[in-house]
Amino acid sequence: MVFFRQALALVALSLTHAAFALPTLNDLFSRAQSSTGLCGNQANLILPNTPWIVYNMLYNAAQMVGTQCTNYDGVTTSDNGTKEVLWSSVANIDYVESTNNVPKGYSFVGLTQNLETKLSAIESIPTTYSWTRTNSTNYKAGNICFDFMTNDVKGDSTSSSSHELMLWLQYEGGQLPIGWTNGPAGTVDNLFGTSWTLYEDVNTDTGITVSTLMPTNQFEGSFSGDLKDWLLAMAHLGRFTEATYVNVGNAGTEFFYGNAVMNATLGLQINLA
């Protein structure tokens, strides 16, 4: 299951109001010149001249034995001229029987630009996401995913009126979404080349409804598309209207236990109409 717990408020603040905590621009340029390992809880790095923040969130750090780092490895330019961020997630987390079903945290790259915008005012959310994962032990995690937050109130990502939207691309190790035990809540056809099953329920830790789309055919290491199509599909299912605000957006992976390295390349941005 996906549990953001009390750290959800910190994520929202970091992603939608990151500029309030910025060091000087020169400091940011200096920090972004070489690979940076982010291993502490809430450790993060805002990347200058990009729409991204790299974030290592250990929202259940107290129940984790071992280490987890999110590494920023650089920014590259694709063949079509689009900027992409190179990053990795390195987990070395011991298996503990009593906490094996507890997600320890979330490793991700989040958006810092053009958020707190109505869905109707967004022209597109183009993305490319490629990844490889090498597991050296039994590993539970692997929901390679996008995670967005909407609300009819601009900037609100933490109240119970917020809506958390997850698009799972690939998953392994037995991880299941919130609402799995309730059975499917709907379906979406012909989205990003496959059909999807919707699972949803309220996250009892946050009071926020989580709606997760699971693909009929998992994506094996690469994904591309316009994420506005996903948000519009959820609007067509009646979860919100196009007047809702897109307040948070990111791409990442959760982790429960095991030793694994995920290397990823991500292009993600919001283009306004």
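**Entry 1. Glu-172 and its partner**

I looked up Glu-172 and found that it counts as partly exposed, at 29% relative accessibility. The model I am reading is a predicted one, and I keep that in mind for every entry below. The side chain of Glu-172 meets that of Arg-133 in a salt bridge, with N to O at 3.3 Å. Glu-172 belongs to strand 11 (residues 163–172) and Arg-133 to strand 9 (residues 126–135), so the pair ties together parts that are 39 residues apart in sequence.

**Entry 2. The other salt bridge**

How many salt bridges does the count come to? I noted two salt bridges. Besides the pair above, I found Arg-239 in a salt bridge with Glu-200, where the closest N and O atoms are 2.4 Å apart. Arg-239 sits in the loop between helix 3 and strand 16 (245–268), while Glu-200 is in strand 13 (residues 194–203), so this pair ties together parts that are 39 residues apart in sequence. I then checked accessibility for both residues. Arg-239 is partly exposed, with a relative accessible area of 25%. Glu-200 has 17% relative accessibility and counts as buried, because the cut-off for buried is under 20%.

**Entry 3. Helix 3**

Next I turned to helix 3, which covers residues 227–236. Is this helix largely enclosed or largely open? Eight of its ten residues are buried, so helix 3 is largely enclosed by the rest of the structure. I wrote down the buried residues: Leu-227, Lys-228, Trp-230, Leu-231, Leu-232, Ala-233, Met-234 and Ala-235. In an α-helix, residues three or four places apart point the same way, because there are 3.6 residues a turn.

I also looked at both ends of helix 3. After the helix comes Gly-238, whose phi is positive, near 85 degrees.

**Entry 4. Strands 1, 4 and 5**

I followed strand 4 (residues 66–77) to its partners. Strand 1 (residues 36–38) runs antiparallel to strand 4, and three bridges join them. In this pairing Gly-37 stands opposite Asn-71. Strand 4 is also joined to strand 5 (residues 83–93), by eleven bridges, and these two run antiparallel as well. On strand 5, Val-90 is the bridge partner of Cys-69.

What lies between strand 4 and strand 5? The two strands form a hairpin with five residues between them. In that turn I noted Gly-81, which has a positive phi of about 90 degrees.

**Entry 5. The disulfide**

I searched for disulfides, and the count comes to one. The disulfide joins Cys-39 to Cys-69, at 1.9 Å from S to S. The link of Cys-39 and Cys-69 is right-handed, with 110 degrees about the S-S bond. Cys-39 is in the loop between strand 1 and strand 2 (43–46) and Cys-69 is in strand 4, so to speak of them together is to link distant parts of the chain, 30 residues apart. I compared the accessibility of each partner. Cys-39 counts as partly exposed at 41%, whereas Cys-69 counts as buried at 14%.

**Entry 6. Ser-88**

I stayed with strand 5, where Ser-88 lies. Ser-88 counts as buried, at 4% relative accessibility. The side chain of Ser-88 makes a polar contact of 3.4 Å with the side chain of Asp-73. Which residues is Ser-88 in contact with, leaving aside its neighbours within four places in sequence? I listed Cys-69, Thr-70, Asn-71, Asp-73, Ser-107, Met-262 and Asn-263. Cys-69 in that list is the residue I had already met in the disulfide with Cys-39. Asn-71 in that list is the one that stands opposite Gly-37.

Last, I looked up Glu-254, which lies in strand 16. Is Glu-254 buried or exposed? Glu-254 has 0% relative accessibility and counts as buried. Two polar contacts of its side chain went into my notes. One is with the side chain of Tyr-59, at 2.3 Å. Another joins the side chains of Glu-254 and Gln-175, at 2.8 Å.

Cys-145 counts as buried, with 0% relative accessibility. Glu-254 and Cys-145 are 109 residues apart in sequence, and their C-alpha atoms are 8.8 Å apart in space.

Notes:
Residues are numbered from 1 along each chain as its sequence is written. This is a predicted model: local features need pLDDT of at least 70, side-chain atom pairs count only at pLDDT 80 or more; totals for chains, interfaces and linings use all residues. Side-chain values use heavy atoms; hydrogens and water are left out. Two strands pair if DSSP finds at least two bridges between them. Helices (H or I, at least four residues) and strands (E, at least two) are DSSP runs, numbered from the N terminus. Buried means under 20% relative accessible area, exposed over 50%, partly exposed in between (1.4 Å probe, protein chains only). A salt bridge is a side-chain nitrogen of Lys or Arg within 4 Å of a carboxyl oxygen of Asp or Glu. A disulfide is a pair of cysteine sulfur atoms within 2.5 Å. A polar contact is a pair of N or O atoms within 3.5 Å; within protein, one must be able to donate a hydrogen and the other to accept it, and residues adjacent in sequence count only if both atoms are side-chain atoms. Contact means heavy atoms within 4.5 Å.
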